[in-house]
Amino acid sequence: MTNVRHMSPHDTADDDGLNRLPPSDPDAERALINRCINFSDEYKTAADIVGSDDFTQPAYRTLWDAIGQQLAESKPVDPVSLRATIETAGQLRLFSNGALIWDIAREIGPGDAEYYAGLVHAKTRLRRIDDLAVRLRSGVLNGGAAEDLEEQITGYVQQRSSHATGGSRFVPGGSFILDRPDTVPAIWGEGDNVLWAEGEALIIAGPAGVGKTTVGQQVLLAAIGIRPHALGLAVRPAKRVLYLASDRPQQAARSMARMVTHEHRDLLNQHLTFWPGPPPKDFIKDPGVLLRLCKQADADMVCLDSLKDMAGELASEEGGQAINSAIQRTLVEGIEVLALHHHRKQGGGKEGGKEPTSLDELYGSTWITAGAGSVVSLWGAAGDPIVSFKHLKQPSSECGPWRLKHDHPAGVTEVWHEVDVLDILAHARGPLTPHQLACQIYSPDKGKPSASEVEKARRRLDQLVEKGLAHKISNGGGRGSQTGYVAAFSATGELPEAG
């Protein structure tokens, strides 16, 4: 049995730190809860330092959440009110039928909530260090590779700021600006074709019935390993997805049921959690509720279906800022956000039925789209199998415009048609100007592209030049001093392969 490693007495000794309880301070947790019950105005300061995950005692964690819920709804946090809230949640067994709540409320200590929150969070930091130490020690004893162990240390240092608060999130300017990859890290996409960038929210907007829920769900299923891709683009794996099915939850369930089978049950249970109906609190009253829900679900990705159900009065500055604040608080903790949204209602006049071409035509305050890294628009009649897709805000290069084909019975969507800029360039009669290309890509019917669309067409042509697939010719477009572009053919008359 030469391949069996025998444990030495030191491998399990208490002085290695492997057999003791993780650091905690139950007394400080209890004192913090006491201060927040008796001096509720101190809760907000404490909540900037600690969250539910900082509490090691289930009863104290439950009380902390109950206090936050009561204050968000402008309700009192006395023992009687807290007992009623906890009983409604079915957690009263943790409190000896409520007697423990009264015991905690009576024990007022000398410190304030901020002081006790600091003590509690200090133990959280020690637990994380302790967890890393235990994993490193176990790896060493079990013959782990040095590179893997060093990577755990590096990962801990890099992620530390996402668990810390206040000044500990400071990052040196040079590192923040310069230590970045050459391409945008993608949640959904690859290379320059990025529809959802890491650390930035994605909004999929469209009128009812055009398939925004269908497309969003296909992205999420790809993230949990049930689909190989979404619209032909890779999706980064997620540990667990939280789906807030606030807009017609049963319809959302029926939509996703077309895409999976009973064979996927274990994967779905392991990696996907639903919250049917609106969130427990309006984002305007409590912007932190989204982050708390994600942490309770242990999710690293969340889908908001849809934004109109997350906060009232989305058209107001207050509503838009609340949505943006909730999303940004969640993103900064390393949780990716996908949101489904709607366009403004189209009138019956001259512009009735017109496809939106700008962010201004999405419903609600501009704060909503300002906080997103990527915004895509779907357009068509409800139930149409063919709908248009436009990338209204891009984290990298523009994707599309495309025509998408929905296979509604199978719950599958694919890119049915996309404009091939190189093909247009190769078959153009003479040099092609950005204006001419924009007419073909963005407005084949009206022939009047916007200045923004012309500029996007110019960038596409310049990208072909950078790849050696096109040449730029000054004054070659037949429109005064406009620059024209021609395809770069090899000596054999074929286009060279893209580098």
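**Entry 1: helices 4 and 5.** I began with a pair of helices and found that the crossing of helix 4 and helix 5 is right-handed (left-handed if the near helix is turned anticlockwise from the far one by less than a right angle, right-handed if clockwise). Helices here are DSSP runs of H or I with at least four residues, strands are runs of E with at least two, and both are numbered from the N terminus. I looked up the axes next: those of helix 4 (residues 79-88) and helix 5 (residues 99-106) come within 10 Å and cross at roughly 145°. Axes are lines fitted to C-alpha atoms, for helices over the stretch in contact, with angles from 0 to 180 degrees between N-to-C directions.

I then listed the residues that meet: P79, V80, L82, R83 and I86 from helix 4, and I101, W102 and A105 from helix 5. Contact means heavy atoms within 4.5 Å. By class, this contact has seven nonpolar residues, no polar ones and one charged (Ala, Val, Leu, Ile, Met, Phe, Trp, Tyr, Cys and Pro are nonpolar; Asp, Glu, Lys and Arg charged; the others, Gly among them, polar).

**Entry 2: the source.** I noted that this is a predicted model, where local features need pLDDT of at least 70, side-chain atom pairs count only at pLDDT 80 or more, and totals for chains, interfaces and linings use all residues. Residues are numbered from 1 along each chain as its sequence is written, and side-chain values use heavy atoms, leaving out hydrogens and water.

**Entry 3: N34.** I found N34 in helix 1 (residues 26-38). N34 counts as buried because its relative accessibility is 0% (buried is under 20% relative accessible area, exposed over 50%, partly exposed in between, with a 1.4 Å probe and protein chains only). Leaving aside residues up to four places away in sequence, N34 touches I104, A105, R106, E107, I108 and G109.

**Entry 4: the cores.** I looked up nonpolar cores, sets of buried Ala, Val, Leu, Ile, Met, Phe, Trp, Tyr and Cys residues joined through side-chain atoms within 4.5 Å. The largest has 40 residues, and W188 and Y243 touch the most other members. Helix 9 (residues 212-223) gives the most to this core, six residues. Another core, of 32 residues, lies apart from it and includes F283, I335, A339 and L362.

**Entry 5: the chain.** I counted 17 helices and 13 strands. Of the 499 residues, 44% count as buried.
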